[in-house]
Every structure is written in structure tokens, then in C-alpha cells.
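Hi,

Here is the structure I said I'd pass along.

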Amino acid sequence: MATEAPPPPREGAGTDSGPARPTTEEFVEVQRSEEFGELRRTYRSFAFPLTVAFITWYLLYVLLSNYAGGFMGTRLFGNINVALVLGLGQFATTFLIAWLYSRHAALRLDPKGEAIKARMEGDA
Amino acid sequence: MSSLATAPALLAAGNATAEHRPLIIGLFGAFVVATLAITVWAGRQTRSAADFYAGGGQFTGFQNGLAISGDYMSAASFLGISGAIALYGYDGFLYSIGFLVAWLVALLLVAEPLRNSGRFTMGDVLAYRMRQRPVRTAAGTSTIVVSIFYLLAQMAGAGVLVSLLLGITSDGGKVAIVALVGVLMIVYVTIGGMKGTTWVQMVKAVLLIAGTLLITFLILLKFDFNLSDLLGAAATHSGKGDAFLEPGLKYGLTETSKLDFLSLGIALVLGTAGLPHILIRFYTVPTAKAARKSVNWAIGIIGAFYLMTIVLGFGAAALLSPETITSSNKAGNTAAPLTALEVGGGADSTAGAILLAVISAVAFATILAVVAGLTLASSSSFAHDIYANVIKRGKATEKQEMRAARWSTVFIGIVSIALGALARDLNVAGLVALAFAVAASANLPTILYSLFWKRFTTQGALWSIYGGLVSSVVLVLFSPVVSGGPASMFKGVDFHWFPLENPGLVSIPLGFLLGWLGSILSKEEPDAGKYAELEVKSLTGIGTAAAVKH
């Protein structure tokens, strides 16, 4: 319980009293390291193209709704038309992408990030 | 709202509710008492600033996912989307898709880095590698503006709902309801802080899902679980035929309305990851992994909920006449409760009245939980960004900071009661869409540049926040939402020159452009050391493990 805590530091993060805190120089060194470069690449090369892809797919859907009414109104079976199937398709791809990203993060990102974290907090 | 008493369906609903008014008030009361008890319990454990702002940072991914869902599924989603589907068919459904897909931006780009590099507010991350005072002032301003727009929509929704349920049609009565909502939210936040608010949101999410599930089940039961039959009945009953199941009834009328829909779509999909009351929820879990897990839970819960609103909305269209849907509220905001009444057996049945009461109590709970989250986001940002870091220049004690947070909660509560009382007849959907547009224009560009672009500077951050904020608000001010349109806030005057109701199509690209331009034109060198800290922390979580109890 903190009654008269020391003033918070200038920036928002890192008032933690837990693991030793690395210095700015150490952060710069890690940022330039091959290992961190690979972590950054593994993250960005997955998340960025996927973001572009789902936003494009969403915009395509919005544009089809706007300008391709005839196509969207095509009945597939019963009262189910293309518009409804594509709309539900947006739900399906959202669930799918969330699952794909989480699997990628757990398999490829977490181990790399944790290794760097353990070493920096350990020897800082 | 004075046309309310003349509508026969509403009279029926009114009679049904009049008989069961003790039940309705009892359910409202039970929710209020239960949540106040949670708040007092949470308040006893709220000692440090980390408790107040982030609930101690020790919620699990599932708990936070539930709370995020509770924070996000506002009255606008529950009442607004089902009402929009009931009136415009397919075009109402388009809203929910934007609201859901938006979560992928949060999952892939924002939630984890934010958790790893900030502590309490959006400003923590935006100002991390910038000059603190100007950027925190900007982040705080934008947080408060976005939250107030969102708050107004919820307050107006509360007025609509309660006037339906309790038959309160007098202006004084509605103002009293808005004041009651405001006082409750001040109590939740000042006493319970983030921990109390989180639990209230979790309880509400469970109630909302259970209530929606029940009504969805009863509607599907009427159609033997045949979705195609349900859609067919909705199309026939709406009087619009096949067009009801196709895009275009609301947005396809003119070229301008098509552009408006594109603008709305972009604002919805990019707005979520810039909403301050959503962003601060990521600080309530201990790690980035838990933040990821909470977004996954939220996507599952919110997705399932929106799938049910499809049944709810088309069910309303299939079971109620268009006149019934619009009679109590022109925007269709009461379609969900009225459908509950219908599937329960109609206005004269006890089961119908009970269902109506249950669904309305759930909607009321929804409003309370969301306004609490919004108030917390604005008061946190005021106390942490503006008071502690700008006014006190980082020299405030934890005690002073928490006192500032509580007082600003009271202040924001009073302001929103006053504005809510004035705004009770405003276009609710317009206000929510505006909040999304401002968040997408001012906050999202700045967050993404801060996290991923090493040449981003203080000037770039200020240009993107203020540029996005001012352009989106000004464009709305001169749009048909405010004047010159069929559903404008001000009747009888016309000073609009911007044709679209949603400013996103212009203001979002402008926010991104200004952030880039401000950076490349600034004389200041970006702080490479600070960016190294931010980038390494955001991807590895160094230094976050200790966001623990004191």
C-alpha cells in the first residue's frame, strides 16, 4: 500500500521495482541486434500484410454492397443471397484471422520475445 | 417523443409495463444494488494508482475479454443495430460487420504493444518518446472529446429506453433518469475505480449475452430454426420484399449516401483500436499474452452477439409491423424490447411483459456499464496525463493523482448529466459514429506511428492528434447531422456544406497525412534512444512484469 509514493517518473512506463531495468544504451544495442531484428521481421511480415489483406477484403465487401446491388441480391438457396453469405463470410474470416495470428504469435513470436526479455532482465 | 402515447402498440406495451412496473423497477433495482455491492467491495481493494487506473493489472485474459465485450456492446449495438436491421434490413447488418472486423486492428497492431509499453492511459504510449507536456495535453484532450461524444449517445439511449418502460414522457422525468444514470456512474467510478468498473462490465456482459440468447432462441423457435423462413417472413412483413434482404435500403439511395456508407465503414473499422475506454482495458491484464487472449475472447463473444442481433433484427421485422417499430422511436431503438414482448406472447401476456422487463433491465445495465467505462477513461486521462504530467510536471504524489482522478470523475459526471439532459432527443447513431470517426482520425494514426515509425516526432504527433480531432469535429458540425438534413439536431436552420454525415472518409486520411507531414517537416530529431526502448519493450514486454499489487 502506497501512501506517500515517490513522484512518478517522467515517462509513463517503467516504475516497476521488480526486475532490474536495462539502460537506454542496452535497449539501443538490443534493438540493433540480429536476434531482435528477426523478431521484428517475424512480427511485421505476418501482421502487416494480413492487416492490409483484411482491410482490403472488408472494403471490397463495402464497395460491393454499395455498387454491385444486383450481384449481392443473387439468391443462392431459399432466401439466402450472396450479400448475406459474404457478410457472414466477414465474420468467418475475422475468427479465422484472429486464430491464425494467435497461433503465429504463440509459436513464432513469444519464444523469441521471451528469450530477449529473460536475457535483458537477467544481466541488466 | 411526444408521439409516443398515440401509438397503439406502445399503448399496449405501456399497459403491459404499467401492470408489471413493480417487476421492472425491481429488476433495475436488483442490478443497481448488486453492482453497488461489487463497487464497494472493489473500492476496499483500491489503494494505489495502479488499482484505480488498471484494477491492479491482475485480471485474466478471459475476465478482461468479458469486460471488453461489456464495455464495447453498448446500447448503440444492442438497441441500435437490432433496430436498424428491423427497419432497413440488410443495411443495418452492415454496421455490425464493421464493429467486429475492427477488432483485428486491435489484435494485430495495438493491444500487445500497448500493454507492453504503457501503464494507465493512451497518453502513456503516445507521449513515450515525445515531449511530455504537449503530447499528453493533446492525448488527454482527444480522450475526453471522444469519450464525451460516446457518453452523450449512451445518455440519450437511457432516456429513450426508460421513457418506453416506465411511461415517463415528461421532460422533467427524462432529465431525472439521465441524472440518476450520471450519479450511479460517478459512484461506480469514484469508489470502485477500474476494478469495480471491470466487474460491473463482466456482470453486464453475461446478462446481455444471456438475455440476447434467450430472445434469439424464442424467435428461432417460432420459425422452426429455419433462417431462410425467418428472412422470408421479414422481407414480406417489412413491405419491402426482396430489397429488404439486399444492401441499399438505407445507404443506396443516392451517390452521396453511398459515399457516406463508405465513410462510415472506414470509421467503424479503424475507430475501435483508437477508443480510449477500450485501450485502457488492455492495462488490466499482466502481460501481452493475456492482452492477446482477452481480444480473442472479445472477438468470440462480440461476434456471437452480433450474429444474434441478425436474428433479433430480422425477427423484429418478421414479427412486428413497421409502424410498431417506429412508433416509439423513429430510429427503431426500441425494436429489441418490443420483440421480446412479442415472442413472450404479446402485450397482454405475463410472459411477454416479464421478457420485456428483463430485456429492458439488460439494456439499462448495458448503458450503466458503458458509461462507467467511458467516465473512467476520461478521468484517468485527465488525472494521469493532464494533472500529474502537465500541470504538476510529473511531481504529483500518487495520493494527489488519485484525488484528481476522483474529482475529475465527479466533474465529468456532472458535465455529462448536463449535456445528456440537453441531448436527449439527438440522433444517437450519429454521435456514436462520430466518436468512432474522431478516434480513427486523431488517435489511431498517432498510435500506429508511435509504435512503428522511427522518424515520428512530437510535431507529427501533435499535428495528427489535433488535425484529426479538429477536422472530424468541424466536418460534423457542418454536416447534415447538425443542420439542413432530415434528422438534424437543429431544425429550421441550414449551415451545412459538408455533404456526408460521417467525416471519416476525409478526416482519417488527413490524420495520417498530417502525422507524416508534421514529422518530416519538423526540425527536431526523433529521440532514437527512446524509440529503441519503446520498440524493444513493445515486442518483448521488458519491464512490465511488475505491474502488480502494492
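**Helix 21 of chain B**

Helix 21 of chain B is largely enclosed by the rest of the structure, because ten of its 13 residues are buried. Bear in mind that this is a predicted model. The helix covers residues 528-540, and the distance from its first C-alpha to its last is 18 Å, close to the 18 Å expected at 1.5 Å a residue. If you want to pick out the buried residues, they are B:Y531, B:A532, B:E533, B:L534, B:E535, B:V536, B:K537, B:S538, B:L539 and B:T540. Just after helix 21 of chain B comes B:G541, with a positive phi of about 80°.

**A helix pair in chain B**

Next, have a look at helix 11 (residues 255-271) and helix 20 (residues 504-520) of chain B: their axes are 8 Å apart and they pack at an angle of about 45°.

Which residues of helix 11 of chain B meet helix 20 of chain B? From helix 11 they are B:L259, B:L262, B:S263, B:L264, B:I266, B:A267 and B:L270, and on the helix 20 side they meet B:G504, B:L505 and B:I508. By type, the residues of this contact are eight nonpolar and two polar, with no charged ones.

Chain A has four helices and two strands, in the order α-α-α-β-β-α from the N terminus on. Of its 124 residues, 27% are buried. Among contacts in chain A with a separation of 6 or more, 61% are between residues 24 or more positions apart.

As for the two chains together, 61 residues of chain A are in contact with 64 residues of chain B. On the chain A side, helix 1 (24-32), helix 2 (34-67), helix 3 (69-72), strand 2 (80-81) and helix 4 (82-123) each supply at least two residues. Helix 4 of chain A gives the most, with 18 residues. That side of chain A divides into 32 nonpolar, 20 polar and nine charged residues.

**Confidence in chain A**

The average pLDDT of chain A is 85, and 82% of the residues score at least 70. Over residues 1-18 of chain A, though, the pLDDT is below 50; in the model this stretch has 43 contacts beyond near neighbours in sequence.

Cheers

Notes
Residues are numbered from 1 along each chain as its sequence is written. Chains are lettered from A and ligands numbered from 1 in the order in which they are written. This is a predicted model: local features need pLDDT of at least 70, side-chain atom pairs count only at pLDDT 80 or more; totals for chains, interfaces and linings use all residues. A residue is buried if 20 or more other C-beta atoms lie within 10 Å of its own, exposed if 12 or fewer, and partly exposed in between; C-beta atoms are placed from the backbone. Two residues are in contact if their C-beta atoms, placed from the backbone, lie within 7 Å. Ala, Val, Leu, Ile, Met, Phe, Trp, Tyr, Cys and Pro count as nonpolar, Asp, Glu, Lys and Arg as charged, and the others, Gly among them, as polar. pLDDT is the predictor's confidence in each residue, from 0 to 100. The expected span of a helix is 1.5 Å times one less than its number of residues. Axes are lines fitted to C-alpha atoms, for helices over the stretch in contact, and angles run from 0 to 180 degrees between N-to-C directions.
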